[in-house]
Amino acid sequence: MKKKIKFKRLWISVIGWILVGGFINNLFVHPFTNIEIVEWNGLITSLGILLGISGTRDYFLKKSLDKVPENVSGKGWQRWWIPCIGWVLAGGYFINCVLAPYIHLNVNDWSQLITALTVMLGISGARDVGLRWLPKGETPVVEPEKKEEGEA
C-alpha cells in the first residue's frame, strides 16, 4: 500500500534538505576548497525554527509518541534531513579534531559548529523529553476555540 505524500506540507521537508546542503557546503566542502560559505546565522536560525516548530507541532499532535525518540513519524524520507544534519555536524567535528591537525585546510568555525550542535541537541532533546513525559494513550491536543452564541 502506497502512502500519499501531502504536497501542501512537502515544502517543509524540502527546506530541511536544502539546509542539509548548506551544512554540507560549510562543513565538508569549504574546509578543502576556497568556496564561499553559506551565511551561518541564517542557516542555524532556520534550523532552529524548523526543529522548534515541527517539534512543538509533534508534541501537540502526538506524532508517534509510542516510538519516541526514534524518528519514525510515518513520513519516511521527509524527516531524514534531521539526522543527516546531525551526521554532517559529526563530520565537521571530525574534520576539526582529526584531519585539521595533520593536513592543511580551512578549519570549520568552532563557534558556529557548537551553536548548531546546541540547537540540534537542545531542541531535539526538549522535544523528546516533553513527549516522553506524556502518559501513554494521552493526547495533548489543543481544544478548538468555542464560538460564542451569535458568532458565525
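**Exercise 1.** In which helix does glycine 22 lie? Decide also whether glycine 22 is buried or exposed.

*Solution.* The model is predicted: local features need pLDDT of at least 70, side-chain atom pairs count only at pLDDT 80 or more, and totals for chains, interfaces and linings use all residues. Residues are numbered from 1 along each chain as its sequence is written, and side-chain values use heavy atoms, leaving out hydrogens and water.

Step 1. Glycine 22 lies in helix 1. Helices (H or I, at least four residues) and strands (E, at least two) are DSSP runs, numbered from the N terminus.

Step 2. Buried means under 20% relative accessible area, exposed over 50%, and partly exposed in between (1.4 Å probe, protein chains only). The relative accessible area of glycine 22 is 7%, so glycine 22 is buried.

Step 3. Leaving aside residues up to four places away in sequence, glycine 22 touches Val38 and Leu43. Contact means heavy atoms within 4.5 Å.

Step 4. From C-alpha to C-alpha, glycine 22 is 9.5 Å from isoleucine 85, although 63 residues separate the two in sequence.

**Exercise 2.** Describe the make-up of the protein as a whole.

*Solution.*
Step 1. The protein has four helices and zero strands, and along the sequence the pattern reads α-α-α-α.

Step 2. There are 152 residues, of which 31% count as buried.

Step 3. Take the contacts between residues at least 6 apart in sequence: 73% of them join residues at least 24 apart.

**Exercise 3.** How many aromatic pairs are there, and which parts does each link?

*Solution.*
Step 1. Rings of Phe, Tyr and Trp (its six-membered ring) pair if their centres lie within 6.5 Å; planes under 30 degrees apart count as stacked, over 60 as edge-to-face and the rest as tilted. The count comes to two aromatic pairs.

Step 2. For phenylalanine 23 and tryptophan 40, the ring centres are 6.0 Å apart and the planes stand at 65°, so this pair is edge-to-face. Phenylalanine 23 belongs to helix 1 and tryptophan 40 to helix 2 (residues 40-61), so the pair ties together parts 17 residues apart in sequence. Both phenylalanine 23 and tryptophan 40 are buried.

Step 3. Tyrosine 93 and tryptophan 110 form an edge-to-face pair, with 5.6 Å centre to centre and 70° between the planes. Tyrosine 93 is in helix 3 (residues 81-99) and tryptophan 110 in helix 4 (residues 110-132), 17 residues apart. Tryptophan 110 has a relative accessible area of 36%, so tryptophan 110 is partly exposed.

**Exercise 4.** What surrounds asparagine 26?

*Solution.*
Step 1. Asparagine 26 is located in helix 1. Its relative accessibility is 1%, so asparagine 26 counts as buried.

Step 2. A polar contact is a pair of N or O atoms within 3.5 Å; within protein, one must be able to donate a hydrogen and the other to accept it, and residues adjacent in sequence count only if both atoms are side-chain atoms. The side chains of asparagine 26 and asparagine 25 are joined by a polar contact of 3.2 Å.

Step 3. A polar atom of the asparagine 26 side chain also lies 2.7 Å from the backbone nitrogen of valine 38.

Step 4. Not counting residues up to four places away in sequence, asparagine 26 touches Pro31, Ile37, Val38, Trp40, Leu43 and Asn108.
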